[in-house]
Amino acid sequence: MKRKILLHPDPRLKKVSAPVPDLSDDLRALADDMLETMYDAPGVGLAAPQVGILQRLVVMDCVKGENEAPRPLIMFNPEIVSSSDETNVYEEGCLSLPEQFADVTRPAEVEVRWIDREGKAQQEVFTGLWATCAQHEIDHLEGKLFIDYLKPLKRQMITRKMVKMKRELART
Ligand code: NI
């Protein structure tokens with residue numbers, strides 16, 4: 001089932017999410033819904049607070065090529081274990097800020113630990129778009145958006161555009 005994606009500005013996007021205590025069928029269903037919602041958008045990552053659930057869960061799939069097999073990842077309680085000194089700049093976007101993009105500098109490589117859909121502990125080093133996406137999604141669990149890395153003026157400009165967009169959407 002597709003879920004509704006919250007749009008910035010929304011107080012729920014600024015909250016710190018709670019750790020997932022134990023996996024349940026409800027949580028697994030939520031994760032599956034989030035993947036469906038993400039692919040449909042389309043996007044490469046989605047965090048639970050973006051669908052209004054303040055729990056530490058993110059999904060992502062940064063496979064780009066049409067001929068490549070999809071790699072849907074479900075991460076409960078994801079944590080960055082280590083990050084590289086080397087950085088990377090990507091033009092980021094976010095499903096909660098449609099049509100808004102900006103360059104963000106982040107560590108180029110991160111090692112992430114999480115609990116998978118089966119409840120098993122996983123750990124992996126991510127690079128490239130996967131590394132950026134993992135950091136962007138985990139930021140959501142801290143109530144942080146990619147625009148928080150921008151200069152205040154640029155951030156305010158984007159927020160103003162979003163307020164306008166939400167007002168227009170509410171009218172239609
Ligand atoms: Ni996002």
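This is a predicted model: local features need pLDDT of at least 70, side-chain atom pairs count only at pLDDT 80 or more; totals for chains, interfaces and linings use all residues.
How are the donor residues of the nickel ion spaced in sequence? They follow the pattern C-x41-H-x3-H.

## Ground rules

Residues are numbered from 1 along each chain as its sequence is written, and side-chain values use heavy atoms, with hydrogens and water left out.

## The nickel site

The protein donors are Cys94 (SG), His136 (NE2) and His140 (NE2), sitting 2.1 to 2.3 Å from the nickel ion. A donor here is an N, O or S atom within 2.8 Å of the metal (3.2 Å for Na, K and Ca); water is not among the atoms, so sites may look incomplete.

UniProt, in an unreviewed entry, puts the feature "binding site" at Cys94, His136 and His140. Its positions are given in the numbering used here, feature names are shortened, and annotations may be inferred rather than shown by experiment. These residues spread over 47 residues of sequence but cluster in space, with a largest C-alpha distance of 10.3 Å.

## Helix α2 and its histidines

Helices are DSSP runs (H or I, at least four residues), strands are E runs of at least two, and both are numbered from the N terminus. Because they are four residues apart in α2, His136 and His140 are separated by about one helical turn. The helix has 14 residues and reaches 21 Å from first C-alpha to last, close to the 20 Å expected at 1.5 Å a residue; that expected span is 1.5 Å times one less than the number of residues. Just after α2, Gly143 takes a positive phi of about 75°.

Most of α2 is covered, with 13 of its 14 residues buried. Buried means under 20% relative accessible area, exposed over 50%, and partly exposed in between (1.4 Å probe, protein chains only). His136 has a relative accessible area of 7%, and His140 has 1%. Asp139, also in α2, is buried at 14%.

## Who touches whom

Contact means heavy atoms within 4.5 Å. Leaving aside neighbours within four places in sequence, His136 is in contact with Glu92, Gly93, Cys94, Arg106 and Phe146. On the same terms, the contacts of His140 include Lys15, Pro49 and Cys94. Asp139 touches Arg106, Lys144 and Tyr149, again not counting residues up to four places away.

## Nonpolar cores

A nonpolar core is a set of buried Ala, Val, Leu, Ile, Met, Phe, Trp, Tyr and Cys residues joined through side-chain atoms within 4.5 Å. The largest one has 17 residues, and Met60, Leu73, Met75, Val112, Trp114, Phe126 and Trp130 touch the most other members. β2 (57-60), β3 (73-83), β6 (109-115) and α2 each supply at least two residues of this core, and the largest share, seven residues, comes from α2. A second, separate core of 15 residues includes Leu35, Met38, Leu46 and Phe76.
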